[in-house]
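The following exercises ask the reader to work through selected features of a protein model. Each task is followed by a solution in steps.

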Amino acid sequence: MQEKGVARRDALRTARRYAFEIAANYSHWFVTLMYGVLSRLWNRLYDGVELANFSSLEQVAEGSEVIYVPCHRSHMDYLLLSYVVYHKGYAVPHIAAASTSTCGGGSFLRRGGAFFLRRSFGGNQLYSAVFMKYVGTMLARGHSIEYFIEGGRSRTAG
């Protein structure tokens, strides 16, 4: 019977490691700081940002968990979407990011709301269960989520 207890403890330890691998470490202070930095960036690069058709979000956002599914042509896409959402007074979405994109910036991205997933779960049922529980918990807590259906940057024009 001890083997079953040891196996359970190992599985729980592994599940905890997966949870830390996946989880965002959202910091409102960091998001506010980045809002200021991005305000300057948009004004330098693009001569500011103009919003159109934001009323659609305003109609559904109150009391709802919003799933954002934008195109991902560049890394500016998720920055701009989070900036606009924050600018309008809504909480920035938690963004699904490929775990290969951490490249030293993982903790930076995590503080902005990024959570990480492997490009392939490879039949790992425990990892899949932990990931699904994490996403379910985020939605149950009322957090909006953003992901890119392409799984990476869009490769097509238009």
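The side chains of Arg-13 and Asp-10 form a salt bridge, with 3.2 Å from N to O. The model that contains this pair is a predicted one.

**Exercise 1.** Determine where Arg-13 and Asp-10 lie and how many residues apart they are.

*Solution.* Step 1: both residues belong to helix H1, which covers residues 2-22. Step 2: they are three residues apart, about one turn of the helix. Step 3: an α-helix has 3.6 residues a turn, so residues three or four places apart point the same way. Step 4: Asp-10 has a relative accessibility of 36% and therefore counts as partly exposed.

**Exercise 2.** Compare the span of helix H2 with the expected value, and identify its buried residues and what covers them.

*Solution.* Step 1: H2 comprises residues 28-45, 18 residues in number. Step 2: from first to last C-alpha it reaches 25 Å, close to the 26 Å expected at 1.5 Å a residue. Step 3: the buried residues in H2 are Phe-30, Val-31, Met-34, Leu-38, Ser-39 and Trp-42. Step 4: their cover includes helix H4 (76-87) and helix H5 (106-111). Step 5: just after H2, Asp-47 adopts a positive phi of about 65 degrees.

**Exercise 3.** Is Tyr-78 buried or exposed, and which residues does Tyr-78 touch?

*Solution.* Step 1: Tyr-78 is found in helix H4. Step 2: its relative accessible area is 16%, and buried means under 20%, so Tyr-78 is buried. Step 3: leaving aside residues up to four places away in sequence, Tyr-78 touches His-72, Ile-95, Leu-109, Glu-146 and Phe-148. Step 4: Tyr-78 and Tyr-147 are 69 residues apart in sequence, while their C-alpha atoms are 9.2 Å apart in space.

**Exercise 4.** Describe the second largest pocket by its volume and lining.

*Solution.* Step 1: the volume of the second largest pocket is about 210 Å³. Step 2: its lining consists of 14 residues, and Tyr-90, Ala-91, Gly-142, His-143 and Ser-144 lie nearest its centre. Step 3: by class, the lining has eight nonpolar, five polar and one charged residues.

Note on methods: Residues are numbered from 1 along each chain as its sequence is written. This is a predicted model: local features need pLDDT of at least 70, side-chain atom pairs count only at pLDDT 80 or more; totals for chains, interfaces and linings use all residues. Side-chain values use heavy atoms; hydrogens and water are left out. On a 1 Å grid over the protein atoms alone, a cavity is a set of points where a 1.4 Å probe fits but cannot get out, and a pocket is an open set with protein on both sides within 12 Å along at least five of seven lines; lining residues have an atom within 4 Å of a point. Grid points are joined across faces, edges and corners, and a volume is the space filled by probe spheres set on the points. Ala, Val, Leu, Ile, Met, Phe, Trp, Tyr, Cys and Pro count as nonpolar, Asp, Glu, Lys and Arg as charged, and the others, Gly among them, as polar. A salt bridge is a side-chain nitrogen of Lys or Arg within 4 Å of a carboxyl oxygen of Asp or Glu. Helices (H or I, at least four residues) and strands (E, at least two) are DSSP runs, numbered from the N terminus. Buried means under 20% relative accessible area, exposed over 50%, partly exposed in between (1.4 Å probe, protein chains only). The expected span of a helix is 1.5 Å times one less than its number of residues. Contact means heavy atoms within 4.5 Å.
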